[in-house]
Structures are given as structure tokens and as C-alpha cells.
Amino acid sequence: MELIDESTGNSTILEINVSSGAIVSEISISGNASNILFDFDNQELYVAITANSSVANGELIVINTTTNEIVADVEVGISPSDIIYDSENGNIYISNSLSSSVSVINASSNVIIDTIPVGIDPVS
């Protein structure tokens, strides 16, 4: 069994073998990871990234866990934090703390299908 963990200090996503404790792979990212979510249906890892030099808002990076390649980069609101997957409709919901919104992303296409305005500093 393997566990995927994230390190925000050096902007690297680590895949760790739980049995041995060995690092299996590393994926470098731009910006600081604030949260991660694994989608068992699509075998993809979603990583919320706070603003960095190339993106004014935050972004959601999608990683194919079979190939460990970044397959999508979705710009979301400012300071994305919590990520939730709804297996009933196949959507990803990500709260954007500083833009007071929730981005709704289709998990199959990795495209934003809605942005819902909410109250100040939404969390899940």
C-alpha cells in the first residue's frame, strides 16, 4: 500500500510506500500546496495551490497517479483551501477563502463548470 503526502515547505508532492517508509516518487509543483484530495474513480490527485508568480489567483493541479504527471492546471479563486469530491455527480468542489467563493469542477474534464459566491472565508 502506498500513501501520497504533500510537503508545502519545498513545493513537492511525495508518494511514500507505507510498508517501507521509502519515497517512491516526487513531483515538483509551483506554489504552496494547501490541501490534497485523491479521486478513486479517476485515479487522480487534486492539489490546491495558493497564488504563485505565474497565477494571480489560486489553482488546482490534477496529477495522474499512474504516470505521476500533471494532467491539468485549473485556475480557481484566491487562496483555495478545502477540496471535496462528490461521487454522485462527479464534481470537485474547492473553497476559495479570500475570494468568498466555491469553484465547481467537472472531474472528468477538469473544467470549471460554476463558481458559487458564498460568505466570507468558506471552509468545508
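**A walk through an all-strand predicted model**

Among the contacts in this protein (contact meaning heavy atoms within 4.5 Å) between residues at least 6 apart in sequence, 26% join residues at least 24 apart. The structure is a predicted model, in which local features need pLDDT of at least 70 and side-chain atom pairs count only at pLDDT 80 or more, while totals for chains, interfaces and linings use all residues. Residues are numbered from 1 along each chain as its sequence is written, and side-chain values use heavy atoms, with hydrogens and water left out.

The confidence of the predictor in each residue is given by pLDDT, on a scale from 0 to 100; its mean over the protein is 84, and 86% of the residues reach 70 or more. Over residues 1-9, however, pLDDT stays under 50, and for this segment the model has 29 contacts beyond four places in sequence.

As for secondary structure, the protein has 11 strands and zero helices, where strands (E, at least two residues) and helices (H or I, at least four residues) are DSSP runs numbered from the N terminus. Of its 124 residues, 40% count as buried, that is, under 20% relative accessible area, with exposed set at over 50% and partly exposed in between (1.4 Å probe, protein chains only). The accessible surface, computed by the Shrake-Rupley method with a 1.4 Å probe and, for residues, with only the protein chains shown counting as cover, comes to about 6400 Å², of which 50% belongs to carbon and sulfur atoms.

Turning to the interior, a nonpolar core is a set of buried Ala, Val, Leu, Ile, Met, Phe, Trp, Tyr and Cys residues joined through side-chain atoms within 4.5 Å. The largest such core has 13 residues, of which Y46, L60, V76, I83, I92, I94 and I105 touch the most other members. Strands β5 (44-49), β6 (59-64), β7 (69-75) and β9 (91-96) each supply at least two residues of this core. Apart from it lies another core, made of nine residues, among them I13, I27, I29 and L45.

Not counting residues up to four places away in sequence, D39 touches E44, Y46, Y85 and A107.

Aromatic rings of Phe, Tyr and Trp (its six-membered ring) pair if their centres lie within 6.5 Å, with planes under 30 degrees apart counted as stacked, over 60 as edge-to-face and the rest as tilted. By this rule there is one aromatic pair: the rings of F38 and F40 have centres 4.7 Å apart and planes at 90°, so the pair is edge-to-face. F38 is partly exposed at 27% relative accessibility, whereas F40, at 64%, is exposed.

Two loop residues remain. N68, in the loop between β6 and β7, has a positive phi of about 60° although it is not a glycine, and S100, in the loop between β9 and β10 (101-106), has a positive phi near 50°.
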